Amino acid sequence: MAPTPRRKAKAVEAAVTLSPRRTRSGAVGKRVAAETSTATAAPARAKKKVRFVEGKEENKEKEKESREEDAKNESIIIEACKQCNAFKTRALKVKQALETALPAISVSINPLKPRRGCFEIRQDGGQIFISLLNMPRPFTPMKNLDMDELIQDIINKLA
């Protein structure tokens, strides 16, 4: 038998009235009640913008000092592919040798995502000491390279 219209009206009235229980389904009733109510909500507070003028000037001075220090302390970037462990061992060998020979220098391995089949040693400013790109397996050009001689050449160029 189909429900009578009176039952439907009671169900709608029950949905609008709020129960004292706090449930997830009760939140829907609150939204309906809030939309139908004529009460106005409290005005939202305006956010204040805070400016630090002194802090910016100090930060600019610190950045200038750090740039000057970076110019004095040269940095070397070693880009070594992660495809094979041979790249990693050679990069670590070069890093340790350069840091022991020239303590004022900073050496970083793969600061960015390395290219595939790439072994490159370059100065942060742009001078490239060695660049072996797009090497297919078994990476013969890199494996035939005399690393001790390469390290000495780099040290002579930087000193």
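Me: Which residues does Leu145 touch, not counting residues up to four places away in sequence?

Reply: Leu145 touches Ile130, Leu132 and Leu150, where contact means heavy atoms within 4.5 Å. This is a predicted model, in which local features need pLDDT of at least 70, side-chain atom pairs count only at pLDDT 80 or more, and totals for chains, interfaces and linings use all residues. Residues are numbered from 1 along each chain as its sequence is written, and side-chain values use heavy atoms, with hydrogens and water left out.

Me: Why is Leu145 called partly exposed?

Reply: Buried means under 20% relative accessible area, exposed over 50%, and partly exposed in between, with a 1.4 Å probe and protein chains only. Leu145 has a relative accessible area of 26%, and is therefore partly exposed. Leu145 is found in the loop between helix 5 and helix 6.

Me: What makes up the list of helices and strands in the protein chain?

Reply: Helices (H or I, at least four residues) and strands (E, at least two) are DSSP runs, numbered from the N terminus. By that rule there are six helices and four strands in the protein chain, in the order α-α-α-β-α-β-β-β-α-α from the N terminus on. Of the 159 residues in the protein chain, 23% are buried.

Me: What makes strand 1 and strand 2 a pair?

Reply: Two strands pair if DSSP finds at least two bridges between them. Strand 1 and strand 2 have four bridges, in the parallel sense, and therefore count as a pair. Ile76 has Val107 in strand 2 as its bridge partner, and Ile78 stands opposite Ile109 in strand 2.

Me: How many bridges join strand 1 to strand 3, and in which sense do the two strands run?

Reply: Five bridges join them, and the strands run antiparallel. Strand 1 (residues 75-80) is mostly covered, with five of its six residues buried.

Me: Why is the unit made by strand 1, helix 4 and strand 2 called right-handed?

Reply: A crossover is right-handed if, with the strands pointing away from the viewer, the path from the first strand over the helix to the second runs clockwise. Strand 1, helix 4 (residues 85-101) and strand 2 make a right-handed β-α-β unit, so their path runs clockwise in that view.

Me: How does the span of helix 4 stand against the expected value?

Reply: The expected span is 1.5 Å times one less than the number of residues. Helix 4 has 17 residues and reaches 25 Å from its first C-alpha to its last, close to the 24 Å expected.

Me: What puts the buried residues of helix 4 on the same side?

Reply: The residues concerned are Ala86, Phe87, Arg90, Ala91, Val94 and Leu98. They cover an arc of only 125° around the axis, so they lie on the same side of helix 4; the arc is that of the directions from the helix axis to the C-beta atoms. The face turned away from the buried side carries the exposed residues Asn85, Lys88, Gln96 and Thr100. The cover over the buried residues of helix 4 includes strand 1, strand 2, strand 3, helix 5 and helix 6 (147-158).

Me: Why is Glu79 called buried?

Reply: Glu79 has a relative accessible area of 8%, which is under the limit, and so Glu79 counts as buried. Glu79 is found in strand 1. Leaving aside neighbours within four places in sequence, Glu79 is in contact with residues including Asn110, Lys113, Arg115 and Phe119.

Me: What makes the approach of Arg115 to Glu79 a polar contact?

Reply: A polar contact is a pair of N or O atoms within 3.5 Å; within protein, one must be able to donate a hydrogen and the other to accept it, and residues adjacent in sequence count only if both atoms are side-chain atoms. The backbone nitrogen of Arg115 lies 2.9 Å from a polar atom of the side chain of Glu79, so the distance is within the limit.

Me: Why does Phe139 count as buried?

Reply: Phe139 has 1% relative accessibility, and therefore counts as buried. Phe139 also has a positive phi of about 60° although it is not a glycine. Its place is in the loop between strand 4 and helix 5.
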